[in-house]
Structure formats: structure tokens, C-alpha cells
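Open the model in your viewer and keep the selection panel at hand. The tour goes from single residues to the whole chain.

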Amino acid sequence: QRPLWLTGVNLAGARMHRIDLTQADLWHSNLSGADLTMANLNSAHLDHADLSGADLEGADLSHASLIQADLRGANLEGANLEGTALGSAHYDSTSRWPKGFDPAEAGATLADGHPRH
């Protein structure tokens, strides 16, 4: 399977429930408010992506890269984050994580509430 290249795409608010985006290149993409519940994002590249307010409940993000992604207000409950790179990803008090998952320990940074540009 060849990776899907969607670098910089604007999918804000899109409904992509159960979509297969394995190995997709979504760097710098706008996915704010997107419905990605149960999506397969295994090994996807989401560096610098805006996932603020996105619903990623139950998504497979194993081995995905979310370096410097905006996860403020994102719902990642039940998501598979095994091997996920979260270096300098931003989250806030409204971000929801899988039970027992520590985003700071995984390299994510608690945001101060101001939008990143």
C-alpha cells in the first residue's frame, strides 16, 4: 500500500469515522474539529497538524508521529498510542487521553491556552 500524501490539506470539521489513513502524510494539515473516531492512523505523519477539538476516540495512532501537533481539546480516549511520537505536541486541560496515559511523560507539552501559529 502506498502512503497517501495530504500535506497541508484543510479537513477542519470533516467526518472521517473509521477512515483508513495508514501511513498518510498529513503534516501541517488542519484537522481541527474533525471526526476521526475509530480511524486507522497507524504510522501516519501528523507533525505540526492542527487536531484541536478533533475526536480521535478509539483511533489507532500506533507508531504515528504527532510532533508539535495541536491536541488542545482533542479526544483521544481509547486511542492506541503505542509507539506514538508526541514530542512538543500541545494539549490543554480539555484534552482527553486513554486511561492511565500521561501525555507529559510521552513528551507532549501543556499549552497555556493561547493559539499557536
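Is arginine 72 buried or exposed? Select arginine 72 and show its side chain: the residue is buried, because its relative accessible area is 14% and buried means under 20%. This is a predicted model, so read each value as computed from predicted coordinates.

**Stop 1: the partner of arginine 72**

Aspartate 70 and arginine 72 form a salt bridge, and their closest N and O atoms are 2.5 Å apart. Aspartate 70 is also buried, with a relative accessible area of 5%.

**Stop 2: another salt bridge**

How many salt bridges are there? The count is 2. For the other pair, select arginine 96 and glutamate 77, which form a salt bridge with 3.8 Å between the closest N and O atoms. This pair links distant parts of the chain, 19 residues apart: glutamate 77 is in the segment before β1, while arginine 96 is in the loop between β1 (90-91) and β2 (109-110). Arginine 96 is partly exposed, with a relative accessible area of 41%. Glutamate 77 is partly exposed as well, at 32%.

**Stop 3: the nonpolar core**

Clear the selection and pick Leu51, Leu61, Leu66 and Leu71. Within the largest nonpolar core, which has 31 residues, these four touch the most other members. In soluble globular proteins, nonpolar side chains tend to be buried together.

What does leucine 71 touch, leaving out residues up to four places away in sequence? The list is Leu51, Leu66, Leu86, Ala89, His90, Tyr91, Ser95 and Trp97. Show these side chains together with leucine 71 to see the contacts.

**Stop 4: the whole chain**

Switch to the cartoon view. The protein chain has 2 strands and 0 helices. Then turn to the C-alpha trace, which spans about 35 × 30 × 20 Å along its principal axes.

Which share of the contacts with a separation of 6 or more joins residues 24 or more positions apart? That share is 5%.

Finish with the surface display. The protein chain exposes about 6,100 Å², and 49% of this area comes from carbon and sulfur atoms. Of its 117 residues, 43% count as buried.

How values were computed:
Residues numbered from 1 in each chain as written. Predicted model: local features only at pLDDT ≥ 70, side-chain atom pairs only at ≥ 80, totals over all residues. Heavy atoms only, no water. Salt bridge = Lys/Arg side-chain N within 4 Å of Asp/Glu carboxyl O. Buried < 20%, exposed > 50% of the residue type's maximum accessible area, 1.4 Å probe, protein only. Helix = DSSP H or I, 4+ residues; strand = E, 2+ residues; numbered from the N terminus. Core = buried A, V, L, I, M, F, W, Y, C linked by side-chain atoms within 4.5 Å. Contact = heavy atoms within 4.5 Å. Areas by Shrake-Rupley, 256 points an atom, 1.4 Å probe, with all protein chains shown as cover.
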